[in-house]
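Subject: Structure handover

Hello,

Here is the structure I promised to pass on. Please open it alongside this note.

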Amino acid sequence: MALSSSLDYLVRRKLTQTRTLTLQVTYVDRALFVFDETNPLRAKCLEIVNSKGTFCFDNIILIFIALNSILTAMADYENVDDDGNPEPNGSARNTIIYVSEFIFLVVYTGEFLIKIIAFGFAWGNDNVYLKDPWNVLDFITVIASYLALDPTLPNLSAIRTFRAFRPLRSVNRFPGLKRLVTALLDSLVGLVDVVLLLLFLLLIYSILGMQLFQGLQHARCRVVPHPVIVPSDCTDVTNECWGQYLDMLTTVNATTSDYNYNHPAYICLTKDDGVTPEDNFDLDWTKDSSPWNVGGLDCVWPEDADDERVCSLPNNNLNGDYTCPSQRWCGSNYDDQGNRRFKEVDYPYGFNRMNSGTYVAGLNFGITNFDNIFSALLSCFQAVTMEGWTDIMYQIQDGVNGPIGSIFFVSLIVIGSFVMLSLVLAVVEEQVASPLVPVKTEEQIQKEKEDATVRRNRRTASMAEMAVLKKRLSTAKIHTSPKGKREELAEVAEVAESAESADAEGEDGEKPPTLGTKRSMSKLQIAAKIVALNETTTKSTRLSIVTAETLADEPALRMWVITIIGSDLFANFMNLVILVNTIVLAMDKYPVDEDEEATLDVVNMVLTFIFIIEFAMMIYGLGPKGYCADRFNIFDGFIVLVSILELLIGLFDKPKGGGGGGGVSREEVVYQKCGDFLDRLPEDYVEDSYKQKIQRLGGLSVPLNIFLFQEIQRLQKVIALVRFQMTQLQLAIRGEVVMTEALQDALDSISDGAAPKRWIFTIAGDEFSWILGAIGMWFTSLQDRDRQNRKWLNEDRPNSYCLTYFFNPNGFLTAMKQEVTRRHKGENWALDDVVYRCEVTTTERFESVRAPPPEGVYVHGLSLEGGAWSRGDVCLIESTPKVLYVQLPVLHVSALTKTEESKRQREYFKPNGAFHCPVYKYKSRTDRFFIFKVPLKPGGSRPPSHWTLRGTGLLCNKE
């Protein structure tokens, strides 16, 4: 309302200030190639359209337009057809509107015919019907109305939407309103620059917001202090069991006298994983060393459903305004390094589990954040619309910092909303306030031609005089008196100014104001005039501050640098570099992709060096004083100096490594690693001790006890070799023993982060331990194997076995099959007639297995390659794009006779049969590493051969 009132006032003011124009309207000789000016029908049509008075032609049409608009607005949309259009049957209002449509169509058609007979249709002078854009709108509306009457045309509802243009026809009937709308349309060209400025502003604020707030809007108050596992028997938060599960977690266990959420059975990461529940915010982790960097665990961190505010994360140097209340803990689904904590699956929330912290109405369902450039642009755009911007600001204030959030969004609102609105009004006001061009008489046109000839002659004479003076100045000797040179410079500048004034003289004979005489001009102004005469220096406005006197005695190198930085090619190149730099900054996202981040760092380093080179060239070419004369140069220089400081800090802040420069040597690094490995190396197995413990488990007459005995013997050999070689390597580094070839190979391997070859293979090339190249993964596997064996040895058989941690998984399954066969000795089972019976359970995590099966064993740790597993349908499905491996749920392996197993498979896997999925010890699918086959149910109507062609298989080790 305020904008319309302001523009209307400008129009009325301009109409008052502008003198009355004399317009002479001319018409085409023949309208529609038939009706000339003497035709009675055309004469009558002209009389009708040019009629004046209260009930003139224009006013009558305006009344019909108003009635049409009112009736259209009264449509009853409670009674519509299949396309959503008002249905006349059953509604009196819609019936009236339906009948009136034909009356209005007849009236608009009559108006159209009268005008094209009076003015002509499309050919002729500027007064024909279609030369007026408002008449074009009327014409389209009429044609669309007739097309809507044709029942054979599809999508009539789209054609009927043109009826909404009918109220716009009233604009053409009010001269003031028409002039106002025309001014608004004409100002659209000027508003393009304002829109580009706004987009640039949004981009800058989006990049700044990503640097300040990225990833911090995921923090929510949680009902437990750390992530917990998802129960296998309750995978839907809408079920009553989920509430019971949360209640159980937050109650005190009578046995342990501690909350159940601290029980190892429910903790997602336990001390066995190298982390305690209190370490969820350990800032000493890196992205790689974080225990969450495993691709997501089957866990969840339940949020407080009654609290949708963003909280301030602890141990993150944040000063957010909101802290979670008592018995509530602030946490995020991402760790501090941006690793995803959980699997990206839909259960138990019904949507992506990683979005559980933000997919609430109070946080706009996670749409407005600063995790990537697109969501950041959307957030800033919503802010400048002043619709819901306070909600986003409150999120930043609560979770990040109150003052920073206020400054960021208030400044964005002031600049992006109020300043931009002022610029829009300025552009529209300029268009509305532009003077109307009067119709000129023949005498005025002739006088303007004569004045233009006089001005052209004056300009030619002035330019000729200026050329002579310039040549005299360039060939004359340098005056010893500065005053004399100043007078010559002033003379040339005065002539140049005279020529410019003659060239810029207005049509009405008025001259623009000049810069002054040669006595009032400063030395800088005079020199600027001289520089403006040189074509090579006018290519860049940045060089206008370099005076002619300073350039006269400069060396050729500086002149060469000035020529380069003043060229269009250099300016375009730097603009391209700035554009690339902006794109690189906008490509930042959360969570961070390591490979992409490394690539962007390299590109950013190259761009930084380019900016440094440009800065050095500008300083040398323009000089410090000349460079600082432009405020934009000062800003550019500040940015470059900050970038240089950031590079220096990054160089000095890097951790010391081997290779020289006063850092820690390679041998010292390996020595420290050996000490760390020795501290973490499991204790030696004492044969007498573990024999006694096996005896308590039933003795060596039990097949699985024999297998355990063999596994411990092999693991002890590995532990002894690692301990011996680590100790000898430390002694060799200290110089106490000779550095043998084997020790040197171990030193090289550990330095490169690889497991020594002697730890993996024997001298003959046989497998000594397990094939894992990275020393960190190899050593972790050693600890995991030792942990499983000691738990089995000291306590009892595990509820579920990790098949990956066995040297001989085939021997483990054979021992299990022997035990099952012995149980059925009374049924005359023979070992040769018994085969494996496998069944995939619905238990995702082995920790959820509370007891071993009545017969057989539970195994876990198998990764499915070439497919995925449907937990609901318990069958094979197509793998998710970009997901190579899927963890198979806990597998129940037992034994059954061949006849009974064949019968069971025919009944269970009908009609397509089972896909016998091979299980391998490593990714290398050879007979050497083959273990056994697991029958799996194919999903849908795909036959088992489909999965064979897909190369679907189960792997114990996917590295």
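Below is what I found, from the whole chain down to single residues.

Overall

Please keep in mind that this is a predicted model. The protein chain has 959 residues, and 41% of them count as buried. Its secondary structure comes to 29 helices and 19 strands. I also looked at contacts between residues at least 6 apart in sequence: 67% of these join residues at least 24 apart.

Nonpolar cores

The largest nonpolar core holds 73 residues. Trp770, Trp778, Leu782, Phe812, Leu891, Val893 and Phe932 have the most contacts inside it. Helix 23 (residues 703–734) gives this core its largest share, 13 residues. Domain 4 (664–797) and domain 5 (800–958) each supply at least three residues to this core. A second, separate core has 34 residues, including Tyr322, Ile373, Ile396 and Leu412.

Take Leu782 as a way into the largest core. Leaving aside residues up to four places away in sequence, Leu782 touches Leu681, Pro682, Leu715, Val718, Ile719 and Trp770. Trp770 is itself on the list of residues with the most contacts in that core.

Pro756

Pro756 sits in the loop between helix 24 (741–751) and helix 25 (757–760). Is Pro756 buried or exposed? Its relative accessibility is 2%, and the cut-off for buried is under 20%, so Pro756 counts as buried. Pro756 touches Gln725, Ala746, Ser749, Ile750 and Ile775, again not counting residues up to four places away in sequence. Gly773 lies 17 residues from Pro756 in sequence, and their C-alpha atoms are 8.5 Å apart.

Four strands form an open sheet with mixed pairing, in the order 9-11-16-10. Strand 9 (801–802) and strand 10 (834–840) stand at the edges. Each has a single partner strand, so one side of each lacks a neighbour in the sheet. Strand 10 pairs with strand 16 (residues 891–897) in the antiparallel sense, over seven bridges. Within strand 16, Thr897 stands opposite Val834.

Strand 17

How many of the six residues of strand 17 (residues 915–920) are buried? Five are, so strand 17 is largely enclosed by the rest of the structure. With strand 18 (residues 930–936), strand 17 pairs in the antiparallel sense over six bridges. Here Cys917 stands opposite Val934. With strand 19 (residues 953–955), strand 17 pairs in the parallel sense over two bridges. There, Val919 stands opposite Leu954.

Helix 3

Helix 3 (residues 57–73) passes a simple length check. At 1.5 Å a residue, its 17 residues should span 24 Å; the end C-alpha atoms are 25 Å apart, which agrees. Phe57, Ile61, Leu62, Ile65 and Asn68 are buried in this helix. They cover an arc of only 125 degrees around the axis, which puts them on the same side of helix 3. Helix 2 (40–49) and helix 4 (92–119) are among what covers the buried residues of helix 3.

Best wishes

How values were computed
Residues numbered from 1 in each chain as written. Predicted model: local features only at pLDDT ≥ 70, side-chain atom pairs only at ≥ 80, totals over all residues. Heavy atoms only, no water. Buried < 20%, exposed > 50% of the residue type's maximum accessible area, 1.4 Å probe, protein only. Pairing = 2+ DSSP bridges. Core = buried A, V, L, I, M, F, W, Y, C linked by side-chain atoms within 4.5 Å. Domains from an automatic or database assignment. Contact = heavy atoms within 4.5 Å. Expected span 1.5 Å × (residues − 1). Arc of directions from axis to C-beta.
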